[in-house]
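Good morning, and thank you for joining. I would like to take a few minutes to go through one model with you.

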Amino acid sequence: MYYIIMKLYMMRRSPYARKVLITAIEKGLLNKITCIQVDLRNKPPELQQFNPLGKIPTLVTETGGCYYESSIICDYLDSLTEPKLMPLDNDSQLKIRNLCGLSDGITNLAVDHFKETLRPEQKQSNGLKKKFQTTIEASLIHINKMLPEFGTELSPATIALISALGYVSLRFPEWKWRETLPELSNWDLEFSTRESVKQTSPVD
Ligand SMILES: N[C@@H](CCC(=O)N[C@@H](CS)C(=O)NCC(=O)O)C(=O)O
């Protein structure tokens with residue numbers, strides 16, 4: 001039994017925070033976490049004290065320990081309860097972390113692309129935006145061909161991909177990846193009825 005009350009600095013639409021929330025729900029830990037919504041333009045000073053990077057998600061444990069990266073926060077939460085989302089053997093772990101890296105890479109590009117669209121229009125680089133979009137689309141095509149590697153069981157890798165796809169759909173609905181990549185769309189839809197995925201679905 002866990003009596004730990006943790007603090008999660010987060011934003012509702014952050015794809016990184018979503019990975020943590022899905023993990024927390026799946027691990028039965030959400031009621032042990034106080035979620036603190038952060039306005040990135042006006043960050044609470046204590047966030048900076050815990051995490052000098054000022055990034056979200058940041059998880060603070062009851063004893064004041066701090067976890068800085070979404071994947072590490074997910075690892076930590078996974079360590080607290082059974083059954084584990086991460087497989088136990090080293091080779092499987094390496095494979096899962098590799099797929100996480102690919103999925104998080106898409107998220108990083110989509111976040112960078114979205115940030116570019118927030119700049120004053122005359123300052124935006126169309127070349128950069130095109131490069132982000134082309135790389136994301138190529139990565140989605142690549143992943144579409146390797147879905148068996150991700151599998152259909154919930155794991156850190158599937159959570160990372162679900163979050164990446166949700167964020168791309170939220171920010172760039174006009175890309176219509178569901179129409180061009182129906183296998184990937186069906187894979188994603190299979191998870192969409194899961195309570196943790198439904199509850200954390202990003203809204204604009
Ligand atoms: N690699 C980090 C990325 C976290 C990240 O970039 N978060 C963004 C929001 S989605 C952030 O905190 N930006 C605020 C800032 O850089 O000041 C993770 O996986 O946790």
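Predicted model: local features only at pLDDT ≥ 70, side-chain atom pairs only at ≥ 80, totals over all residues.

**The ligand site and the domains**

Let me begin with the surroundings of the ligand. Which residues surround the ligand? They are Met11, Ser14, Tyr16, Leu40, Lys43, Lys55, Ile56, Pro57, Glu69 and Ser70. Sorted by class, this shell comprises 5 nonpolar, 2 polar and 3 charged residues.

A polar backbone atom of Ile56 lies 2.8 Å from a nitrogen atom of the ligand. In the side chain of Glu69, an N or O atom is 2.9 Å from a ligand nitrogen atom. Lys55 also takes part through its side chain, where an N or O atom is 3.3 Å from an oxygen atom of the ligand. As for surface area, the ligand exposes 510 Å² when taken alone, and the protein buries 79% of that.

Next, the domains. The domain assignment divides the protein chain into domain 1, covering 6–80, and domain 2, covering 90–199. Taken over C-alpha atoms, the centres of domain 1 and domain 2 are separated by 21 Å. How many residues does each domain bring to the contact? Domain 1 supplies 13 residues and domain 2 supplies 18 residues.

Thank you for your attention.

Note on methods. Residues numbered from 1 in each chain as written. Heavy atoms only, no water. Near = heavy atom within 4 Å. Polar contact = N/O pair within 3.5 Å; in protein donor to acceptor, adjacent residues only side chain to side chain. Areas by Shrake-Rupley, 256 points an atom, 1.4 Å probe, with all protein chains shown as cover. Nonpolar A, V, L, I, M, F, W, Y, C, P; charged D, E, K, R; others polar. Domains from an automatic or database assignment. Contact = heavy atoms within 4.5 Å.
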